[in-house]
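Have a look at the structure first, then read on.

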Amino acid sequence: MRSSSVRSAAHVCFVIVVVFAVSVAVWGFFLPLPAAPGRTYTDADFRIAELAEGHDEDGDGIGDQADILAGARAYVATRPRYGSAYYQGGRPDDGRGVCTDVVDQALLAAGYDLQTLVDTDRRANPADYGMDPIDSNVDFRRVHNVRVYLKHTAEGLTCDPAQIDQWQGGDIVVWDDHVGIVSDRRDADGVCYVIHHAGLLQLCYEEDVLESDTFGPIVGHYRMTA
């Protein structure tokens, strides 16, 4: 009888281990995919003129818009898991991230250190940022602070996605509690996709959400102009 109980307990333990291993594998397999699904379109399909190279903050011979877009894609290609904590030094070092990390990494690829820029701007304009204590380790990872910084320093553009010729890959789009990088891929109506990180159930990091009401109304659309 005792031997039977031992075998039963061992069987239960084995099942638990297998279920755990399968769960971990499934979780890793079903992380969001970097690329947008299905057919997408380009500026040329809608006769939208591509932006001139413009400013090159990091001096690498590639304009900021292209650098920002490439930086966003490179970051989501690492397939970060959604989640966050307080990180000494500021940037996550554990493979996790949130929406603001997409923007931070995209701008960093173009030569803009969002952590330093937000901290400097906040200290110069404290009333615009609110009453939270200044903390450079986390301020640049808060949507509100990113929006305030962009309002102070970037070119503000239309918040209407239907004005398709006013949206370009590498722009930054802001909702009340979410932010992302505008893609150079468009849907069948010419509306740009967005490279973003919104949660555990997200299917792709690059999605057709600019006209969606998932995050509420768009409250900001910006382009870095040095």
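Cys192 is buried, at 2% relative accessibility (buried means under 20% relative accessible area, exposed over 50%, partly exposed in between, using a 1.4 Å probe and protein chains only). Before going further, note that this is a predicted model, where local features need pLDDT of at least 70, side-chain atom pairs count only at pLDDT 80 or more, and totals for chains, interfaces and linings use all residues. Residues are numbered from 1 along each chain as its sequence is written, and side-chain values use heavy atoms, with hydrogens and water left out.

**Cysteines**
- Cys99 is buried too, with a relative accessible area of 7%.
- The disulfide count is zero, where a disulfide is a pair of cysteine sulfur atoms within 2.5 Å.

**Aromatic pairs**
- There are two aromatic pairs (rings of Phe, Tyr and Trp, the last by its six-membered ring, pair if their centres lie within 6.5 Å; planes under 30 degrees apart count as stacked, over 60 as edge-to-face and the rest as tilted).
- Tyr41 and Phe46 sit edge-to-face, 6.1 Å centre to centre with 65° between the planes.
- In that pair, Tyr41 is buried at 19% relative accessibility, while Phe46 is partly exposed at 24%.
- Trp175 and Phe215 make a tilted pair, 5.1 Å centre to centre and 55° between the planes.
- Trp175 belongs to strand β4 (residues 172-175) and Phe215 to the loop between β7 (206-207) and β8 (218-223), so this pair ties together parts 40 residues apart in sequence (strands are DSSP runs of E, at least two residues, numbered from the N terminus).
- Trp175 is buried, with a relative accessible area of 0%, whereas Phe215 is partly exposed at 22%.

Methods: Helix = DSSP H or I, 4+ residues; strand = E, 2+ residues; numbered from the N terminus.
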